[in-house]
Amino acid sequence: MSNPAASFEPYRRRLLGLAYRMLGSMSDAEDAVQDAYLRWHAADRNNVSDPRAFLMTTTTRLCLDMLTSARARHEEYVGPWLPEPVVDTAALAPDCRTELAEDLSIALLLTLDRLSPLERAAFLLHDVFDFTFNEVASALERTEAACRQLAGRARTHVREARPRGATAAPAHSGEIDAKHAQLLSAFAAATQSGDLNALTQLLASDVRVVTDGGGKVRAALEVIDGADRAARFLVEVTRKRPDAWWRDEFTVRFATINGLPGVIVDAPEGPVQTAAFEIEDDVIRALYVVRNPDKLRHLATPGRN
């Protein structure tokens, strides 16, 4: 405990995982964890009986403070908001075996974003990070009964929103399996060729396409619902936009994105787009596209330092 860095490091991954789930942003999560470290450095650590609880509580409270300004930014956000995509989900694992421990899906993060900050915190601490409700109550400075209610309301919303039967790629592999790669390749070919019929066959009838440009690059300003609308939109984007997918100057690589099969599009200067595919019964049920450059800076490009 005399060395603040050495005693903090075993908890860093857990803290980063909590902060990312709370904030939906890797850059904000890293800031929260750094602030938690500074408080740990300044604390009388020899009098801390439970470093895990101290650091988790500190990080939770920092995130709750940050959510005030984050929610204000959301209200001013141009077009749909998506969380920052992550590829290395192992770096955000909570080191426990709860049902949702490895779930970093975009659907879950979007659901968390619609909860109140206290609901989100109570649910994550108890259902994901395996805190007892007594520990949650201490962290949130609420009664245990109130925290049970907060987590219960959040749990109901999460169960309603989580896709049933959707197939995720192996959470920590960094690669997608052959079956998903074949589906994504067929999707790319149909989009590039403009084959509306072939593309529609790959989409669920109630597919949703969500594109996040943040008002900084071109992207749809509303969610595109339904296979016909989605297919037309994707073909039109590919045909007409100079910065569309699959152009010769871009490199496309398969990757797991928030545990979902997906692709990262790299330009010579770095990543310019991610697309994560929610797949169910061999069709695409949702497509989440992030183009906002502020949300792509943390993604590494192969061959670049």
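Which residue forms a salt bridge with E144, and how far apart are the closest N and O atoms? The partner is R148, and the closest N and O atoms are 3.3 Å apart. A salt bridge is taken here as a side-chain nitrogen of Lys or Arg within 4 Å of a carboxyl oxygen of Asp or Glu. The model is a predicted one, in which local features need pLDDT of at least 70, side-chain atom pairs count only at pLDDT 80 or more, and totals for chains, interfaces and linings use all residues. Residues are numbered from 1 along each chain as its sequence is written, and side-chain values use heavy atoms, with hydrogens and water left out.

R148 and E144 lie 4 residues apart in helix α8, so about one helical turn separates them. Helices (H or I, at least four residues) and strands (E, at least two) are DSSP runs, numbered from the N terminus. R148 has 46% relative accessibility and therefore counts as partly exposed; E144, at 34%, is also partly exposed. In these terms, buried means under 20% relative accessible area, exposed over 50%, and partly exposed in between (1.4 Å probe, protein chains only).

The structure holds 16 salt bridges. Another of them joins K179 to D282, with the closest N and O atoms 3.0 Å apart. This pair links distant parts of the chain, since K179 belongs to helix α9 (residues 178-193) and D282 to the loop between β5 and β6 (283-290), 103 residues apart. K179 is exposed, with a relative accessible area of 53%, whereas D282 is partly exposed at 47%.

Helix α7 (residues 133-140) presents a buried element: 6 of its 8 residues are buried, so the rest of the structure largely encloses it. The buried residues are F133, E135, V136, A137, A139 and L140. After α7 comes E141, whose phi is positive, near 55°.

Strand β4 (residues 260-267) is likewise largely enclosed by the rest of the structure, because 8 of its 8 residues are buried. L260, G262, I264 and D266 point one way from β4, while P261, V263, V265 and A267 point the other way.

β4 pairs in the antiparallel sense with strand β3 (residues 251-257) over 7 bridges, where pairing requires that DSSP finds at least two bridges between two strands. Within that pairing, T256 has P261 as its bridge partner. The hairpin of β3 and β4 has 2 residues between the strands, and N258 there takes a positive phi near 50°. β4 also pairs with strand β5 (residues 270-280), in the antiparallel sense over 6 bridges.
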